[in-house]
Amino acid sequence: MTGAPSDECGDDAPDLETGRWLFAQPCSFVRGAVDMAGLPPGDIPEVAFAGRSNVGKSSLVNALTGRKTLARTSNTPGRTKELNFFLLGADGRPAIMLADLPGYGYARETRTRVEQWTDLVMSYLRGRATLRRVLLLIDARHGLKDNDGEVMALLDEAAVSYQIVLTKTDKLKAGELEKRVGEVEAGIRAHVAAHPRVVATSSETGTGIAELRAEIASLAAADALGYKTRTS
């Protein structure tokens with residue numbers, strides 16, 4: 001589980017200070033897309049946030065960027081019905097694009113609407129050449145569900161790299177969280193496109209936010225970071 005400072009995690013650990021610097025830069029909403037034709041230009045590295053409805057995607061994006069209303073949150077699961085894109089980086093020289101994808105698994109929507117959203121998201125995942133990684137958010141209280149496994153299988157098939165991010169870890173006791181992380185790590189071993197490192201986060205307490213920022217910064221355009229990392 002990610003959690004220790006970068007200088008204690010080994011040479012392959014993302015750099016916490018680079019992550020802090022990147023997320024201190026401007027972050028702006030680009031557009032929302034309801035079809036493939038509406039996607040913004042794919043000319044810089046991109047990281048996508050995916051997960052079940054009500055997993056806390058928008059809250060996590062807001063916690064990462066330190067902006068309470070950048071991504072819209074709602075008490076109604078499944079409210080996000082489009083792909084929302086954000087640029088992060090220095091003015092005039094963004095280092096990475098963030099994509100907030102519609103949640104899946106919300107039963108109140110019609111089958112047609114669910115199929116439309118699923119088709120759009122999967123078309124995006126398969127066809128976005130600049131997509132560096134999908135951050136697959138999993139509610140720590142519930143762990144991996146059947147439809148999470150279905151999405152992971154699709155990502156494996158499409159050869160899209162993804163990393164599990166546990167959310168709402170503040171709802172679990174320390175022993176419960178450790179057990180959940182172990183279960184998730186065991187659950188992803190058979191998935192060829194899964195990143196081995198699981199990041200445990202809480203948008204409420206800030207747990208894991210610095211580590212996730214560092215993971216994202218490691219995928220950004222190095223020439224646009226404008227910051228000398230510890231490995232440079």
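## Burial and surface

Of the 232 residues of the protein, 50% count as buried, where buried means under 20% relative accessible area, exposed over 50% and partly exposed in between, with a 1.4 Å probe and protein chains only. The protein exposes about 11300 Å², of which carbon and sulfur atoms supply 48%; accessible areas come from the Shrake-Rupley method with a 1.4 Å probe, and for residues only the protein chains shown count as cover.

This is a predicted model, in which local features need pLDDT of at least 70 and side-chain atom pairs count only at pLDDT 80 or more, while totals for chains, interfaces and linings use all residues. Residues are numbered from 1 along each chain as its sequence is written, and side-chain values use heavy atoms, with hydrogens and water left out.

## Secondary structure and sheet

The protein has seven helices and seven strands, arranged from the N terminus on as α-β-β-α-β-β-α-β-α-β-α-β-α-α. Helices (H or I, at least four residues) and strands (E, at least two) are DSSP runs, numbered from the N terminus.

Seven strands form an open sheet of mixed pairing, in the order β1-β3-β4-β2-β5-β6-β7; two strands pair if DSSP finds at least two bridges between them. Because β1 and β7 (199-200) stand at the edges with a single partner strand each, one side of each is left without a neighbour in the sheet. β6 and β7 run parallel and are joined by two bridges. Leu166 stands opposite Ala200 in β7.

## Helix α2

Seven of the nine residues of helix α2 (residues 57-65) are buried, so the helix is mostly covered. The buried residues are Lys57, Ser58, Leu60, Val61, Asn62, Leu64 and Thr65. They pack against β1 (27-33), β2 (46-51), β4 (93-100), β5 (131-139), β6 (162-167) and α6 (209-217), contact meaning heavy atoms within 4.5 Å.

α2 lies across β1, β2, β4, β5 and β6 and runs at about 140 degrees to β2. Axes are lines fitted to C-alpha atoms, for helices over the stretch in contact, and angles run from 0 to 180 degrees between N-to-C directions. Just after α2, Gly66 takes a positive phi of about 70 degrees.

Tyr124 belongs to helix α3 (residues 111-127) and is buried, with a relative accessible area of 0%. Leaving aside residues up to four places away in sequence, Tyr124 touches Met36, Leu39, Glu46, Ala48, Leu83, Phe85, Ala99, Leu101 and Leu131. Tyr124 and Leu83 are 41 residues apart in sequence and 9.1 Å apart in space, C-alpha to C-alpha.

Across the protein, 76% of contacts between residues at least 6 apart in sequence join residues at least 24 apart.
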